[in-house]
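Please read this note with the model open beside it, taking the points in order.

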Amino acid sequence: MSSSPSLHDERLVLGVSRMAGAVACLIILVLPLGYFFLAYKTQAQLLEQLTAIKAEEISSLASENPELWTYQTRRIEDLLLRHKGKEEGQKQTVLDANQHVLLSLGEPPPPPVLRRSYPIYESGRGVGRMELTQSLREDLEGTLVAGILGLLLGGAVYITLRILPLRALRHATQALLGQQQRFVTAIESAMDGYALLDTQGKLLEVNESLSVLTGYSRQELQSLRIADLGAASTANEFIARVTSTHHGRLETRWQRKDGSIIDVEVTATCQAQGSTEIFCFFRDITQKRASEELIWKQANFDMLTQLPNRNMLNDRLAQEIKKSHRANLQLALLFIDLDHFKEVNDTLGHAMGDLLLVEAGQRISACVRETDTVARLGGDEFTVILAGINESEIGTVERIARQILEQLSTPFSLQNEQAQVSASIGITLYPGDASTIQGLFKNADQAMYSAKNQGRNRYCYFTPA
Amino acid sequence: MNPKRRCRFALLDNRAAVLVAMVSVLLSGLIGSVAADELKIGGTGAALGTMRLLANEYSAKSPGFRIRIVPSLGSGGSIKAVLAGAIDLAVSSRPINEQERKLGASLREFGRTPFVVAVAAKMPIDTITIKELADIYAGIKVKWPDGTPIRIILRPSSDIDSEMIRSFSPALRQGVSAAEARPGIRVALNDQMAADDLERIPGAVGPSSLSLLLSEKRQLKALSLDGVRPTPENAASQAYPYSKRLFFVTGARLSKAVESFTAFANSPAGRKILVANGIWLP
């Protein structure tokens, strides 16, 4: 049996790895870039607002003293210091209308820098500029930290996204492989044969038991179709039925590689509509069927003469009554009792008696048509059903009765012994004498005793009392 | 005012009267020569009101002579302006530094005025202790006795008024720092703004100078500190130890108009105005 392809598909691993990598890269990039963007935007806005506020306040000062405001650097400084922004790394510069620096607070910030300026107005005229310069170094440091965090987070995300799904996949794969292994073990250790078929009946997978069952090697089996093992039409019909109904059971007969014939029970399942795979189990039922046949035979046939017994006779008589009833025909039931059989047993022994009974059965059978039934009820009693008799053929009954009398009265050669018996036959007709089995038996028995009473070796028809 | 001090002031007045008579004769000639000039004066807000009164008096005696008092420039600003020639005379509440001296600045102290803690004139309070003031600045004492919330008017930290308040006591030094750190405390950029705020804002208290209160006729009153009233006499006797020195600062080029005006300020007539407005002569 071949193993299924591994679920640990390299393409899946590659896909998961790529997805995890993409997400991780996104985090690694987005975190620092997002941080820098937000930090820069925030800083720029704050700096712009702060510059505007400071410029507005200096504008107020300039409006109060338009001619001399430029000398009030101390007050300008006080004003600037009232609105404390980011003191470290920030330089505040106030310029007059000629762009001369009136006041400069703070050291030049380390690059890179962000600069914002806002005009200082007096009565609507620009009389100077307020300028704030701020270092972006802290933002860059923060961006670096965010980058490191992003790297760590991205790595963690990569590990999480890659390892966890693949671990789950590996677990699932292992579970499936375990199940598969258990399935394979179960299949391989099964006494029954197993095969996976396609819808054409080709054997895709087989187990060792099937190989033993058929006598073919596994490789040989995998080159065969199921139809090659038995009746092709039966097999093809079975495959079609299973494909449409999803399951099926069949008892068929296969020819093994060595030419021997075996009876096989096939159980098949098709997973779903449209499935191209059929799971089949094959059981050798040759012995079972032989046992069943033996049991059936023991139940329905006399083991000594191999003639139908009372059970089979009742069954056939019931069937023949139905047929006759439907066809509006008659049947005759002949009750045959051997005369003087007891003496044979007493003088020659039961073994010889048994031989006589066997031959008597054969002689009676030789007198009737193939469609007629000869049965042994037990002891030295035989019964014959002559079915399908119409009005014009009623003489056939008597002819057969005479023939039987003649045959049974002929001496029997039993090994080295000779034996002589005769027969008394009671005849009753359906539906004239009776329409039920019990009635017919009763009538035939009564007629047989009439023949006995009349001196044996004769036949008598049933006559109502 | 004790009798001894009153006697000293009386003597001063007599001397001033003699001086006024002598200087007025001299000035009449000087004024005549600068009659067509314009004198631009700027400086500390503590003295601007007094300068305005001096200018009015001087202008009245010297028709055609025009004096313009520019809005408060502060001491530093006015020294810069006078060195740049933007104004003719600076009025400073601090001496010039070495750098300003090198640039040609020269100064003359023309008086001193008590540095005061002021409240609105209508406030039912006249005196305060240094400790109470420290508690106010520290935020411990937050209401006046009548229940009015106390509202501190701060000056910029680098301003001389802030430094003077700090010098009252170590507790006040800490209190001022605490007040500067508290949000929502109003900071007045110059003396006039501070005086405006003290008049306008209910329960306001803050630094000022007696000369400003008197010369500008502000609806403010100077509180006694630890029971001592901030009068020129108490300041002169050091009973009230907090006062501002007031200087005329001129640039390298000294105009006759400036000389004339400063001489007038130093004249008996000028000194009378100074004294009447809370400035005493050391």
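1. A salt bridge is counted here when a side-chain nitrogen of Lys or Arg lies within 4 Å of a carboxyl oxygen of Asp or Glu. By that rule there are 2 salt bridges between chain A and chain B, and Lys40(B) forms one with Glu67(A), their closest N and O atoms being 3.7 Å apart.

2. This is a predicted model, in which local features need pLDDT of at least 70 and side-chain atom pairs count only at pLDDT 80 or more, while totals for chains, interfaces and linings use all residues. Residues are numbered from 1 along each chain as its sequence is written, chains are lettered from A and ligands numbered from 1 in the order in which they are written, and side-chain values use heavy atoms, with hydrogens and water left out.

3. Taking contact to mean heavy atoms within 4.5 Å, 13 residues of chain A are in contact with 20 residues of chain B. The two chains bury about 1400 Å² between them, 53% of it on carbon and sulfur atoms, where buried area is the accessible area (1.4 Å probe) that two parts lose on being put together, summed over both. On the side of chain A, Leu68(A), Tyr71(A) and Arg75(A) lose the most area to chain B, together 43% of what that side buries.

4. In chain A, 4 strands form an open antiparallel sheet in the order E2-E1-E4-E3; strands (E, at least two residues) are DSSP runs numbered from the N terminus, and two of them pair if DSSP finds at least two bridges between them. Strands E2 (101-105) and E3 (113-122) of chain A stand at the edges, each with a single partner strand, so one side of each is left without a neighbour in the sheet.
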